[in-house]
Structure formats: C-alpha cells, structure tokens
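This report goes through selected side-chain and helix contacts of one protein model. The sequence and structure come before the details.

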Amino acid sequence: MSGRSRHLAAAAVLLTTLSAPALAPGVAGAQAAAEARPNTDPGFLQVYDANVENLPTSDEQPPAECAGDWHDLMYYMRTQELKPDLYLVQQLNNRSQLDLLLQRMEEHFGEKFAGVLAENAPEPTTGGDCNAFKKRQTNAVIWRADRFSLVKSQSPDNRWQAQNYVDGACVNNDQPRTKGVKALLRDRVSGRTVTAASFHWPTMAHGGEKCADENAVELSDELTEDGYDSHPQYGATDLYIAGGDTNAHDREGTGWRKWYAMANGDLAGSTLGFRDAVYADCETTADPAACRTDRWTLLTRSHRRVDYLLARGPGDTLPRTTDAVVPTFDEGDLADEALSDDGDNRDLDYSDHRAVGARVHY
C-alpha cells in the first residue's frame with residue numbers, strides 16, 4: 001500500500017522492544033510488563049485523536065469494501081509508555097458502537113473508559129454498501145474513568161453543527177457526522193478541569209473547505225463559551241483540548257491557509273490561539289516542513305494532513321505539548337503482531353486516517 005514501505009524499516013524497531021508475553025484476547029486486566037501504564041502525573045494528559053471510520057474490521061460489519069483492522073491502533077497505544085487519558089474520536093456509528101469501543105478498550109487497557117456522543121442514533125441510511133454505511137456517523141469524547149469524572153455534557157448544549165457553503169453563504173451542514181461534541185471533565189489527579197471536544201468538518205465535495213474559517217472560529221467559541229459564575233461552564237476551565245478531522249489542508253501554495261493561520265497560536269497573527277501538537281513538535285526538528293509532510297494523516301494520492309490535535313490554556317496562553325506521534329499503519333500492524341496471539345493481516349489498516357497523539361501539559 002502507498003506509504004507502507006517508507007515506514008516499515010522504522011516501525012520494525014517496535015518488535016525489538018516488546019519482549020513481554022502477549023495479552024490473551026478478551027482478558028481484561030492482564031497487564032504485560034512492556035505495556036502502557038496509567039498516567040498519574042498531575043502535570044499533563046496523554047491524548048489521542050482519530051477518525052476511526054466506523055471501526056472497520058475484516059470479519060464483521062461494515063461490508064468487505066470497508067474492511068480494516070481498527071484494533072491495530074489499540075495495540076499501538078498499548079506499546080506506548082502511557083495509556084490514553086483522553087481519546088477524541090470521529091465517525092462512530094451510534095451508541096452501540098461506542099459501547100463496543102469502550103468494552104474493547106477496557107479489555108485492551110485493563111480499566112474502564114467512558115464517553116459521550118454528539119448523537120446516540122444518527123439518521124440511518126438505506127443500502128448496505130460501504131458509502132451508505134459511512135453516512136451514519138457521529139463523533140465522541142472518551143476519557144479514562146480513573147483519571148476523569150464527567151462534570152457536564154448534556155444534549156443539545158454539548159454539540160454544534162459545522163458549516164458548509166451553499167448558494168454563496170456558509171450555513172449549518174445537515175450531515176450527522178459534522179456535529180461536534182464537547183465534555184467538561186474534572187481531573188481526579190490534578191484537581192483541575194478540562195473542556196475536551198471532538199469535531200468533524202464537511203468534506204470539499206459538501207462545500208466544507210470554503211467554510212473552514214467559520215468552522216475554526218465556531219470551534220473556538222464552543223470551547224470557550226460561557227464565563228465564570230456559580231455553575232460549571234465549558235469556558236471556565238484550566239485546559240481546552242480539541243481533536244478532529246478538518247477536511248482542510250493547512251497550507252495553500254507556499255503559505256498558510258487562512259483558517260490555519262487563525263487557529264495556530266505559534267504563527268504570527270493568530271486570533272484563536274491553539275497549539276497544534278504536531279506543528280509544535282516539528283518546529284523542534286532540523287526540517288519542520290519535511291516533518292509535517294511526513295506526518296500526513298489522510299490516505300490519498302497527496303497524503304494530506306487534515307487531522308489535528310489542538311490545545312489552548314485560559315486566556316491567551318498556549319499550553320506545552322510534547323511527545324507528538326502520528327502512528328503509521330505499519331506500527332499498528334507490528335504492535336498487533338507483538339501483543340496478540342492470532343496474527344495480523346498487514347493488508348488491513350486501522351483506518352484511512354492516521355491518528356495523532358501527544359502529551360498536553362497544564
């Protein structure tokens with residue numbers, strides 16, 4: 001598959017670090033020595049973001065033309081130092097699929113996770129092919145229950161609809177998968193609060209790219225709306241974290257696209273003040289542009305970077321982000337092979353989007 005050979009040699013290093021015995025499938029709580037441990041540091045959160053495309057598998061729904069192996073990403077997370085504290089997810093089917101994901105995460109990581117969806121039951125579509133199946137999608141915020149307690153995330157105030165371009169104007173899109181969702185969480189370890197959000201903007205074919213500027217502003221507004229009063233508010237927290245699929249590239253020719261220039265607080269003139277975890281990490285390398293190019297997230301001919309993990313602090317502060325990763329499909333395959341006892345099909349990837357992970361510091 002395109003991009004696979006480029007990463008295979010680097011990913012092979014993973015196998016040399018995993019000497020612990022495999023975790024038996026379906027056995028919760030069996031923690032192998034080389035696997036991820038819970039994050040007990042009050043100073044930062046381990047966060048992942050992924051467009052999971054309806055959790056594709058090779059032997060159950062969705063149909064074969066949507067086949068994949070979403071467990072590869074779970075195995076990859078297990079080979080890292082820390083379990084996820086937050087998992088921001090796009091394009092799940094419905095509440096039943098979220099429940100399945102939470103159950104499988106408990107089996108993989110040996111502890112409980114909880115989550116909230118933008119919609120529990122998106123409008124079903126007729127037909128059984130891959131395209132029809134993928135039209136029934138929604139977005140989720142997932143958290144590790146030992147680390148976080150839910151303060152607030154009640155529908156409909158916890159969700160918003162991204163915009164697309166129709167008849168010369170940006171209007172609310174009508175696709176379920178373009179509803180963002182947010183949750184106000186209390187960190188049991190640090191005592192602080194976090195507003196976390198998962199979002200998905202319309203595709204270019206649905207007029208989303210022309211409204212990327214408006215959608216970036218709306219994302220910022222949704223995270224920070226409401227002020228301090230006697231009740232908990234999304235906009236009165238110690239940290240704001242958002243992950244999502246913008247369906248919009250960050251660059252245009254030799255410059256930055258307007259939405260991204262507004263969003264990225266490390267760029268001069270930014271008005272929204274988010275830290276892009278991958279951008280910040282690549283700026284520490286010898287060739288930042290090459291680093292960003294290598295960390296593409298969407299599997300197309302041009303391998304675009306459209307999935308982002310963004311963070312901001314109270315006021316105009318930029319939180320520190322470290323240890324940014326964009327797990328390759330090969331790394332997922334190799335982690336699966338190392339930790340499972342049923343092998344792995346290297347022709348199947350965990351999605352057609354690559355995930356993004358980072359540590360986000362208070």
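One aromatic cluster is formed by Phe-199, Trp-201, Trp-256, Trp-259, Tyr-260, Tyr-279 and Tyr-308. The model is predicted, so local features need pLDDT of at least 70 and side-chain atom pairs count only at pLDDT 80 or more, while totals for chains, interfaces and linings use all residues. Residues are numbered from 1 along each chain as its sequence is written, and side-chain values use heavy atoms, with hydrogens and water left out.

**Aromatic pairs**

The structure holds 10 aromatic pairs. Rings of Phe, Tyr and Trp (its six-membered ring) pair if their centres lie within 6.5 Å; planes under 30 degrees apart are called stacked, over 60 edge-to-face, and the rest tilted. Two of the pairs involve Tyr-308 as follows.

| Pair | Centre to centre | Angle between planes | Type |
|---|---|---|---|
| Trp-259 and Tyr-308 | 5.4 Å | 80 degrees | edge-to-face |
| Tyr-260 and Tyr-308 | 5.9 Å | 40 degrees | tilted |

Trp-259 belongs to helix α7 (residues 258-263) and Tyr-308 to strand β15 (residues 307-312), so their pair ties together parts 49 residues apart in sequence. The pair of Tyr-260, in helix α7, with Tyr-308, in strand β15, also links distant parts of the chain, 48 residues apart. Helices (H or I, at least four residues) and strands (E, at least two) are DSSP runs, numbered from the N terminus.

Trp-259 and Tyr-308 are both buried. Here buried means under 20% relative accessible area, exposed over 50%, and partly exposed in between (1.4 Å probe, protein chains only). Tyr-308 counts as buried because its relative accessibility is 1%. Tyr-260 is buried as well, with a relative accessible area of 1%.

**Helices α3 and α10**

How do the axes of α3 and α10 cross? Helix α3 (residues 71-78) and helix α10 (residues 329-339) have axes that come within 7 Å and cross at roughly 75 degrees. The two helices are therefore roughly perpendicular to each other, a term for angles of 65 to 115 degrees; under 35 is roughly parallel, over 145 roughly antiparallel, and the rest oblique. Axes are lines fitted to C-alpha atoms, for helices over the stretch in contact, and angles run from 0 to 180 degrees between N-to-C directions.

On the α3 side the contact (heavy atoms within 4.5 Å) is made by Asp-72, Tyr-75, Tyr-76 and Arg-78. On the α10 side it is made by Glu-331, Gly-332, Asp-333, Ala-335, Asp-336 and Leu-339. By class, four of the contact residues are nonpolar, one is polar and five are charged.

Helix α3 is mostly covered, with eight of its eight residues buried. The cover over the buried residues of α3 includes β1 (44-51), β2 (86-92), α4 (95-109), β16 (321-325) and α10.

Is Lys-179 buried or exposed? Lys-179, in strand β9 (residues 179-187), is buried, with a relative accessible area of 17%. The side chains of Lys-179 and Glu-119 are joined by a polar contact of 2.4 Å. Not counting residues up to four places away in sequence, Lys-179 touches Ala-118, Glu-119, Asn-139, Arg-159, Trp-160 and Gln-161.

Asp-157 sits in the loop between β5 (148-152) and β6 (159-161). Asp-157 counts as exposed, at 55% relative accessibility. Leaving aside neighbours within four places in sequence, Asp-157 is in contact with Lys-182, Glu-225 and Tyr-234.

Methods: Ala, Val, Leu, Ile, Met, Phe, Trp, Tyr, Cys and Pro count as nonpolar, Asp, Glu, Lys and Arg as charged, and the others, Gly among them, as polar. A polar contact is a pair of N or O atoms within 3.5 Å; within protein, one must be able to donate a hydrogen and the other to accept it, and residues adjacent in sequence count only if both atoms are side-chain atoms.
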